[in-house]
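Please look at the sequence and the 3D structure below. The paragraphs that follow go through them one part at a time.

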Amino acid sequence: MKVVLFCGGYGMRMRSGAADDVPKPMAMVGPRPLIWHVMRYYAHFGHKEFILCLGYGAHHIKDFFLNYEETASNDFVLRGGRTELLSTDISDWTITFAQTGIESPIGERLRRVRHHLDGDEMFLANYADVLTDAPLPEMIDRFARRDAGASMMVVPPQSSFHCVELGEDGLVGGITAVSELPLWENGGYFVLRQEVFDHIPENGDLVADGCARLAKSGRLVAHQHRGFWKPTDTVKERAALDAAYARGDRPWAVWEHDAAGVGA
């Protein structure tokens, strides 16, 4: 199944200065950028055809794959001055690099790569900046059995703040952690059918337009995930993931778990 990755946004909260033009999916987690971790997740489950919706800082993403160094994340033998890889990451991946505009919203980026989907009934989509250990095969199978146009993975609220209940007299009636509220957030992992294109107008958004309209007609389903899910909207969040990688705490690396015999 093809995987559409939205990787053309500015990622302003991740930037360290005016001269920093690296797009958010290229922020490093361990020896590889975020987008690699996301792609490796999909490839682990057999989905190795990627369509990258490029925009801001596209040359960074192109250069990374055009000059890909397998030795950065694979064991190898150096024999007679020549490198012999013991494993490989991307040799069987197919990656389409599509420029979808600098200012284009997510829905418009998706519209602009529709012809690369070859009319496939179902396909996957992702923001390329969120890591998870969600059971992708289960997510796909549940959606395939439903008569719906889209599936959105949802997660509990991640905020550490508290909501305060106020009475008319200004007295506080209760305090509840946001994470304990009966709410769910968009987790950024989608399984879509071609039908979604019928609900995204020109320069529209995937969620606010496409998913919202499908929801109104009862054709949007949710996959609830309470496991590992971490966004990288800020430098602090990216640094936390990088530190977790360094100490070997990387639940999103389902490919490593299987290799160790633990299972995805």
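Helix α3, which covers residues 106–112, holds both Arg111 and Glu108. The two residues are three apart, about one turn of the helix. Their side chains form a salt bridge in this predicted model, with the closest N and O atoms 2.9 Å apart. Arg111 is partly exposed, at a relative accessible area of 32%, whereas Glu108 has 6% and is buried. Glu108 is placed in that class because buried means under 20% relative accessible area.

Side chains of opposite charge can pair when their charged atoms come close. The whole structure contains 17 salt bridges. One of them joins Lys24 and Asp233, with 3.0 Å from N to O. This pair links distant parts of the chain, 209 residues apart. Lys24 sits in the loop between β1 (2–7) and β2 (28–29), and Asp233 in the loop between β15 (229–231) and α6 (235–246). Lys24 counts as buried at 13% relative accessibility, while Asp233 counts as partly exposed at 26%.

Another salt bridge is made by Asp249 and Arg247, whose closest N and O atoms are 3.7 Å apart. Here Asp249 is partly exposed, with a relative accessible area of 37%, and Arg247 is exposed at 58%. Salt bridges can also share partners: Lys2, Glu49, Asp118 and Asp120 are joined into one network in this way.

Next come the aromatic rings. How many aromatic pairs does the structure hold? There are 14 of them. In one, the ring centres of Trp36 and Trp255 are 5.8 Å apart and the planes stand at 85°, so the pair is edge-to-face. Trp36 belongs to helix α1 (residues 34–44) and Trp255 to helix α7 (residues 254–259), so the contact ties together parts that are 219 residues apart in sequence. Trp36 is buried, with a relative accessible area of 4%, and Trp255 is buried as well, at 11%.

Phe64 and Phe65 also pair edge-to-face, because their planes are at 75° and their ring centres 4.9 Å apart. Phe64 counts as buried at 16% relative accessibility, and Phe65 at 9%. Elsewhere, Tyr41, Tyr42, Phe45 and Tyr189 make up one aromatic cluster.

Rings can also lie under a charge. The charged end of Arg193 sits over the ring of Phe143, 4.4 Å from the ring centre.

On the surface, Val164, Leu166, Val172 and Ile175 form a nonpolar patch, with about 410 Å² of accessible area together. The elements that give two or more residues to this patch are β11 (162–166) and β12 (172–177). Leu166 lies in strand β11 and counts as exposed at 63% relative accessibility.

Now consider the protein as a whole. It has seven helices and 15 strands. Of its 264 residues, 46% are buried. Along the principal axes, the C-alpha atoms fill a box of roughly 80 × 45 × 45 Å. A compact globule of 264 residues would have a radius of gyration near 18 Å, and the protein has 20 Å, which agrees.

Conventions: Residues are numbered from 1 along each chain as its sequence is written. This is a predicted model: local features need pLDDT of at least 70, side-chain atom pairs count only at pLDDT 80 or more; totals for chains, interfaces and linings use all residues. Side-chain values use heavy atoms; hydrogens and water are left out. Patches are made of residues with over 30% relative accessible area and no salt bridge: like charges are joined within 9 Å, nonpolar side chains (Val, Leu, Ile, Met, Phe, Trp, Tyr) within 5 Å. Accessible areas come from the Shrake-Rupley method with a 1.4 Å probe; for residues, only the protein chains shown count as cover. A salt bridge is a side-chain nitrogen of Lys or Arg within 4 Å of a carboxyl oxygen of Asp or Glu. Helices (H or I, at least four residues) and strands (E, at least two) are DSSP runs, numbered from the N terminus. Buried means under 20% relative accessible area, exposed over 50%, partly exposed in between (1.4 Å probe, protein chains only). Rings of Phe, Tyr and Trp (its six-membered ring) pair if their centres lie within 6.5 Å; planes under 30 degrees apart count as stacked, over 60 as edge-to-face and the rest as tilted. A charge sits over a ring if NZ of Lys or CZ of Arg is within 6 Å of the ring centre and within 35 degrees of the ring normal. The radius of gyration is taken over C-alpha atoms; the globule rule is 2.2 Å times the number of residues to the power 0.38.
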